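Hello,

Here is the structure I promised to pass on. Please have a look, then read my notes below.

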Amino acid sequence: MLEKFMGNARPGVELGEFDLLRNLFLQYVVSEEDKMEAYETYWMPMENATGVVDGETLGRLREFLEHFLGTVGIEVIEGGKEDLREIMQGYASQGLYAGYKSWIQTLLAPATTEAEVEALIIGALTKMRDEAKKPRAKAGSPGKPPRPSKKLAAAPPQMVVVEEDEDA
């Protein structure tokens, strides 16, 4: 089951943007068992809290991930989806993946042992999961006020029945 989220279970099938982001975090968790636990305890609940169900509604996950980066002082530069090959080769210089990569490098800079690195990553995942569970992450776009519900401005028109005169 670990290959489901850690890599390309089927050769020739590209990993998606969120697979790469997830792997960016989980690569710092040492044991396979701990990777699975981190995925189930932090990443999956974060996806669920943002409304992702079986890979659907990934736009809300993207919005949340962009919002979260903003909370740690990194702005995602809009401009379309990054080329995943460039991301994997380290050439992408903007966008969601690059923002998280930059944040993680800054986060891990003071760490000197694998245990410290793993603890910092788990702390980051915990913070992300907890932020995703806040009500604003579920309603509309994260970090923005929820959209007002649609209400009818006036009562619907009444139905008028016209009876035909049989004598006509």
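**What I found**

The elements of the protein chain run α-α-α-α-α-α-α-α from the N terminus on. That comes to eight helices and zero strands. Please keep in mind that this is a predicted model.

Some totals next. The protein chain has 168 residues, and 35% of them count as buried. Its accessible surface is about 11000 Å², with 52% belonging to carbon and sulfur atoms. Take the contacts between residues at least 6 apart in sequence: 63% of these join residues at least 24 apart.

Glu47 is buried, yet it has no salt bridge. The side chain of Glu47 does make a polar contact of 2.9 Å with the side chain of Trp43. An α-helix has 3.6 residues a turn, so residues three or four places apart point the same way. Setting aside neighbours within four places in sequence, Glu47 is in contact with Val52 and Leu61.

Then helix α6, residues 96–108. Its 13 residues should span 18 Å at 1.5 Å a residue, and the end C-alpha atoms are 18 Å apart, so the two agree.

Best wishes

Methods: Residues are numbered from 1 along each chain as its sequence is written. This is a predicted model: local features need pLDDT of at least 70, side-chain atom pairs count only at pLDDT 80 or more; totals for chains, interfaces and linings use all residues. Side-chain values use heavy atoms; hydrogens and water are left out. Buried means under 20% relative accessible area, exposed over 50%, partly exposed in between (1.4 Å probe, protein chains only). Lys and Arg count as positive and Asp and Glu as negative; His and the chain ends are not counted. A salt bridge is a side-chain nitrogen of Lys or Arg within 4 Å of a carboxyl oxygen of Asp or Glu. A polar contact is a pair of N or O atoms within 3.5 Å; within protein, one must be able to donate a hydrogen and the other to accept it, and residues adjacent in sequence count only if both atoms are side-chain atoms. Contact means heavy atoms within 4.5 Å. Helices (H or I, at least four residues) and strands (E, at least two) are DSSP runs, numbered from the N terminus. Accessible areas come from the Shrake-Rupley method with a 1.4 Å probe; for residues, only the protein chains shown count as cover. The expected span of a helix is 1.5 Å times one less than its number of residues.
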